[in-house]
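Subject: Structure handover

Hi,

Here is the structure we talked about. My notes follow below it.

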Amino acid sequence: MSCIKTVLNDDTATAYIYLDSKETKNSLDVALATSLLEEVKKANNSSSIKTIVFLSEHRAFFSSGPSLPGLLEIAENQNDEELKNIVENLNELITQIYYSPKITIVGFNGYAYGGGLNVFLGCDYRVAVERTKFIENFHKMGVTSDLSSSYFLPRLIGMTRTMSIILSGDLFTAWDAKDWGLFNEVFSTNKEMKSHIETFCEKINEDDFTAIQMTKQLVKQSFQNGLEKQLEIESKALRDSFKNKEVVKRLRSILDYSII
């Protein structure tokens, strides 16, 4: 039985990738990680897809995080090679999401523990249902932070908040995460969240996707560049965008609408 379900929405050029392993509560075992990576690569390489949405097929949970029985077996047998393979697989998934040429969106519900949250921190747009719970409790298991948490959390919510949630190991809510800047939006129900995601994807579909892709790349490059270098890159990207005939069409449309 597959642990991932992908649904393509041709109207919005969206690939909905559902985590669907009820038995493991979508834990990040080898099967789930491998299937996720395959589906993301497929969507990234598709010329018709513009947005990739990650959701859980199950209302009670998004992901229980790492497979604890699997981790225990690795620890007992000191199987470093197996652990290395699992982490490398998940790390490749993280980079495929973060550097995706598409717009990546994740909608959390129920609970997303540890890596179940961290794997998706590189998404461009992160939303959650208000009842969702999260936790970063690596040290309670005697292990270090992983799966991008030490990279994305300080950049998204700051060093002080990051150290607070990691050192305390306490549960935090979707509203907490929204207040910190970790999530873009929080919704009352799963239905409301999914409706918002669908509308958001429709908006992206209506805009010039080449310009969206170039802007996404600019934002990500800014973390490696100083101001002068970034201004130079912005200038070139802007000039390149004006070579697209779509610019004339869209500017004329906006002007005609403004006149009306």
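Which residue in β6 is the bridge partner of Phe108? It is Ala128.

First, the ground rules. This is a predicted model, where local features need pLDDT of at least 70, side-chain atom pairs count only at pLDDT 80 or more, and totals for chains, interfaces and linings use all residues. Residues are numbered from 1 along each chain as its sequence is written, and side-chain values use heavy atoms, with hydrogens and water left out. Helices (H or I, at least four residues) and strands (E, at least two) are DSSP runs, numbered from the N terminus.

The sheet. It is open, with six strands in the order β1-β2-β3-β4-β6-β9 and mixed pairing; two strands pair if DSSP finds at least two bridges between them. β1 (4-9) and β9 are the edge strands, each pairing on one side only. The twist averages 20° from one strand to the next (axes are lines fitted to C-alpha atoms, and angles run from 0 to 180 degrees between N-to-C directions). β3 and β4 run parallel over four bridges, and Val53 stands opposite Ile105 in β4. β4 and β6 are also parallel, with four bridges. Three bridges join β6 to β9 (residues 185-187), again parallel. There, Val129 has Phe187 as its bridge partner.

Strand β6. It covers residues 125-129, and five of its five residues are buried (under 20% relative accessible area; exposed is over 50%, partly exposed in between; 1.4 Å probe, protein chains only). Tyr125, Val127 and Val129 point one way, Arg126 and Ala128 the other.

The cores. A nonpolar core is a set of buried Ala, Val, Leu, Ile, Met, Phe, Trp, Tyr and Cys residues joined through side-chain atoms within 4.5 Å. The largest has 46 residues, and Phe54, Phe108 and Phe120 have the most contacts inside it. Elements that each supply at least two of its residues include β2 (14-19), β3 (51-56), β4 (103-108) and α3 (80-98). A second, separate core of 16 residues includes Ile103, Val127, Val129 and Ile204. Leaving aside neighbours within four places in sequence, Phe120 is in contact (heavy atoms within 4.5 Å) with residues including Phe54, Phe108 and Arg126.

Helix α10. It has 15 residues (227-241) and reaches 21 Å from first C-alpha to last, close to the 21 Å expected at 1.5 Å a residue; the expected span is 1.5 Å times one less than the number of residues. Gln230, Ala237 and Ser241 are buried. Seen down the axis, the buried residues of α10 fall within an arc of 40°, so they line one face of the helix (the arc is that of the directions from the helix axis to the C-beta atoms). On the other side, Glu228, Glu232 and Arg239 are exposed.

Best wishes
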